[in-house]
Amino acid sequence: MARAGLTADRLARIGAELADEIGFEQVTASALARRVGVKVASLYSHIANTHDLKTRIALLALEEMADRAADALAGRAGKDALIAFADVYRDYARAHPGRYAAARFPLDPRTAAASAGVRHARMTRAILRGYDLDEPEQTHAVRLLGSVFHGFVSLELAGGFSHSAPDSQESWTRTLDALDALLRTWPAP
């Protein structure tokens, strides 16, 4: 019998909070059961296993980030859109490091296709339309942006920029300036 008040969605949200506290890799069905004060077996009325829990946390994180990005991009284009989009990822990662890690959890193709990850891709491509990039160059640029955003944020979260000047915010601003300049003068193949 399902415990009153527990649902798959509520467990995913509690799991996401737990991920932010202890790290996404440490989230398990056992850790979640301890958090909500039930036996692990009680969770199986709502989630299949730890993999299912992590998938649900990943989907929640992707949805939260997509909603924030959509709000941030409204009415923006070009460099303003690029900066707003990048800032959403950085701010989200800093506020929710476990959820941010969850957003990188591998999803099966069907789940990925139905996830908010599709919205992320559409928003990235919408930003790039302002830079007049056609395929396959647009795909290369999508990969570049994702790599730079994720790489910078991952290094920053790990403390990689905390031991030297200038401040990481200054480097972030310069990085986005450089990306904008590169996108405006994208090299021909």
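Reader: Before we start, how do you get axes and angles for helices?
Author: Axes are lines fitted to C-alpha atoms, for helices over the stretch in contact, and angles run from 0 to 180 degrees between N-to-C directions. Helices are DSSP runs of H or I, at least four residues, and strands are runs of E, at least two, numbered from the N terminus. The model is predicted, so local features need pLDDT of at least 70, side-chain atom pairs count only at pLDDT 80 or more, and totals for chains, interfaces and linings use all residues. Residues are numbered from 1 along each chain as its sequence is written, and side-chain values use heavy atoms, with hydrogens and water left out.

Reader: OK, how do α1 and α4 pack?
Author: Helix α1 (residues 8-22) and helix α4 (residues 50-73) pack at about 80 degrees, axes 9 Å apart. They are therefore roughly perpendicular to each other (65 to 115 degrees; under 35 is roughly parallel, over 145 roughly antiparallel, the rest oblique).

Reader: Which residues of α1 and α4 meet?
Author: Leu11 and Ala12 are among those in α1, and Ile57 and Leu60 among those in α4; contact means heavy atoms within 4.5 Å.

Reader: Switching topic, what does UniProt annotate over residues 5-65?
Author: The unreviewed UniProt entry has "domain: HTH tetR-type" there. Over residues 5-65 the chain is 70% helix and 0% strand, with the end C-alpha atoms 26 Å apart.

Reader: And what about α9 and α10, what's their angle?
Author: Helix α9 (residues 137-157) and helix α10 (residues 168-184) pack at about 175 degrees, axes 12 Å apart. These two are therefore roughly antiparallel to each other. Phe149 and Phe152 are among the α9 residues that meet α10, whose side includes Trp172 and Leu176.

How values were computed:
UniProt positions are given in the numbering used here, feature names are shortened, and annotations may be inferred rather than shown by experiment.
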